[in-house]
Amino acid sequence: MTEHPRHDTRLDRFVDSYSQRTNGMRVSAVRALFAVANRPEIVSLAGGMPNIKDLPLPDIAGMVAEMIRTNGTQVMQYGSGQGEPVLREQILDVMAAEGITAHADDVVITAGSQQGLDLVTRIFCDPGDVILAESPSYVGALGTFLSYQTEVVHVASDDDGLDPAALRETARQLRREGKRIKFLYTIPNFSNPSGKTQPLERRVELLAVCREEGILVVEDNPYGLLTLDADPLPAMRSLDPDVIYLGSFSKTFAPGFRVGWVLAPHAVREKLVLAQESATLCPPVFSQFAISTYLATQDWMGQVEIYRDMYRERRDTMLEALAEEMPEGSSWTRPAGGFFVWLTLPEGLDSQAMLPRGVDARVAFVPGASFYADGQGARNVRLSYCFPPPERIRTGVERFAAVVRGELDVMNTFGIDSAPNELRRGTGLAPDLN
Ligand SMILES: Cc1ncc(COP(=O)(O)O)c(C=O)c1O
């Protein structure tokens, strides 16, 4: 293979040229963790990668080959900026499983729901605008919001997710301060990172507050069909057609296709298509046709059932292991679906400072502060059960609990206010895991 010499990567000669927007971008703690967490000796309870080992790969290979043979010149051509009509129709059936009725013309296909977040922020937000987000919130959404120089204000949550009274109070306070609120960002089902689900009554209450206060709702729902204990709850969008809804095939099929969608009120949809055209001309055509063929020729709902059974076993393993291993003073959520458990450490511990010890103990997790734009979350940890097999999850939780016990020992030896943070720092882990 040809050698491609690399130029010096240490100095950034362009440092004075970047836009303010670029300078506001932060390294995602999750991404920075990947380098470490992917080492084979480490049990990673950090990543959010779906486990797609159970996909029927030979069937999918045959399906894609047939698609190329019969329709190759279309699937490898540019396509519509809004996304392929055939897939937009099929997406209506997917959303019907969560009670949504809509028109295919109001669907815009995106490169994953991550691009949906980007386009929605792009069309609504100017620098300094406020986005309300639940506490805690998906790290990838926070990154997008901050890259548009918005101000993210977290709204308090309780066991049922976003707190409607806190939402009303926060919105009124911000308006008294002269701030412009552009939308509320929420993940009602099995939230990333909290694992919490808003019950139906809570959704109704939140929508009522948003209507009264004139707040647009952006509902992000990549995990909704991965319910592990009960039927899916009605989406917020099914209760209010003004909600902007983000969907994805990343968790119910496979993330590598990078296909998600936005369902939006018609006028908003028009703006989204303009933004999509300027971003990509059109979303990935090959992927869209592959997903469309998958939905038409494979038992996609059967595959969702297979995923549910697999994730249920992993979730149960993690919850059992936590109950057996974690020291007193810790608490955690019991997700009814999705990928994540949100853990609160005993008082006085700091999850970010604990990370190097975790790596020493061969377990990776994500410190809670990653899921806040304002420095909260020091006592929290996100643990994911989606990727490692059950026996690795158990080992990971054992190691994690041992780290927490070790931290408690240090704290009890030196006292809460004395040196432990200093002692724990400087272990050589990348300093930018924040
Ligand atoms: C809450 C949430 N929203 C959006 C995404 C982005 O997913 P994708 O772009 O793969 O659809 C993720 C991925 O983990 C997520 O957890």
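Modeller: Two residues are in contact if their C-beta atoms, placed from the backbone, lie within 7 Å. By that rule, residues 24 or more positions apart account for 77% of the protein's contacts with a separation of 6 or more. The model is predicted: local features need pLDDT of at least 70 and side-chain atom pairs 80 or more, while totals for chains, interfaces and linings use all residues. Residues are numbered from 1 along each chain as its sequence is written.

Colleague: What makes the radius of gyration agree with that of a compact globule?

Modeller: The radius is taken over C-alpha atoms, and the globule rule is 2.2 Å times the number of residues to the power 0.38. For 434 residues the rule gives a value near 22 Å, and the protein has 22 Å, so the two agree.

Colleague: Why are β2 and β4 said to stand at the edges?

Modeller: Strands are DSSP runs of E of at least two residues, and helices are runs of H or I of at least four, numbered from the N terminus. Two strands pair if DSSP finds at least two bridges between them. The open sheet runs β2-β10-β9-β8-β7-β3-β4, with mixed pairing. Both β2 (107-110) and β4 (151-155) have a single partner strand, so one side of each lacks a neighbour in the sheet.

Colleague: How do you know that β8 and β9 pair?

Modeller: Strand β8 (residues 217-220) and strand β9 (residues 244-248) share three bridges in the parallel sense, and at least two are required. Val218, for instance, has Ile244 in β9 as its bridge partner.
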